[in-house]
Amino acid sequence: MAGQTRADRCSKLQNQLAEQIKNHAGSSRSAKAATIGAKAKKFCASGKQAQGLRAYAKALQLLGVQPIDPE
């Protein structure tokens, strides 16, 4: 799926982050990652997908998780 849009990536990373926050529930990092994820969601929703994608990646890395491949 080479023609994937940034909005599609936002959605995939949002789902990945939600899953990882559940997996890391109770850790101090999960709360911070959730806060970053909320900002990322706002960026994606307001047409600032590039900023949103960077924020999602930052939140996932905080949890020690590699963001899923965009493809």
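Here is a tour of the helices, the core, a salt bridge and a charged patch.

Before you click, note that this is a predicted model, where local features need pLDDT of at least 70 and side-chain atom pairs count only at pLDDT 80 or more, while totals for chains, interfaces and linings use all residues. Residues are numbered from 1 along each chain as its sequence is written, and side-chain values use heavy atoms, with hydrogens and water left out.

**Stop 1: helix H1**

Select residues 6–23, which make up helix H1. Helices here are DSSP runs (H or I, at least four residues; strands would be E, at least two), numbered from the N terminus. Now show the side chains of Glu19 and Lys22, which meet in a salt bridge at 4.0 Å, N to O. The term means a side-chain nitrogen of Lys or Arg within 4 Å of a carboxyl oxygen of Asp or Glu.

Check how open they are: Glu19 counts as partly exposed because its relative accessibility is 40%, and Lys22 counts as exposed at 60%. The cut-offs are under 20% relative accessible area for buried, over 50% for exposed, and partly exposed in between (1.4 Å probe, protein chains only).

**Stop 2: the nonpolar core**

Next, select Leu17 and Tyr56, the residues with the most contacts inside the largest nonpolar core, which has 14 residues. H1, H2 and H3 are the elements that give two or more residues to this core, and H3 brings the largest share, five residues. A core of this kind is a set of buried Ala, Val, Leu, Ile, Met, Phe, Trp, Tyr and Cys residues joined through side-chain atoms within 4.5 Å.

**Stop 3: helix H3**

Highlight residues 49–62 for helix H3, and pick out Gln61 there. Draw a distance from Ala57 to Gln14: the two are 43 residues apart along the chain, and their C-alpha atoms are separated by 9.8 Å.

Gln51 is in helix H3 too, and is partly exposed at 33% relative accessible area. Its C-alpha atom is 9.4 Å from that of Lys39, twelve residues away along the chain. Back at Gln61, the label is partly exposed, at 49% relative accessibility. Gln61 and Lys12 are 49 residues apart in sequence and 15 Å apart in space, C-alpha to C-alpha.

**Stop 4: helix H2 and the positive patch**

Finally, select Lys32, Lys39, Lys42 and Lys58, which gather in a patch of positive charge on the surface. Patches are built from residues with over 30% relative accessible area and no salt bridge, with like charges joined within 9 Å and nonpolar side chains (Val, Leu, Ile, Met, Phe, Trp, Tyr) within 5 Å. Which element supplies the largest share of the positive patch? That would be helix H2 (residues 28–45), with three residues. Lys42 lies in helix H2 and counts as exposed because its relative accessibility is 64%.

While you're there, click Thr35, also found in helix H2. Thr35 is partly exposed, with a relative accessible area of 46%.

Methods
Areas by Shrake-Rupley, 256 points an atom, 1.4 Å probe, with all protein chains shown as cover. Lys, Arg positive; Asp, Glu negative; His and termini not counted. Charge placed at Lys NZ, Arg CZ, Asp CG, Glu CD.
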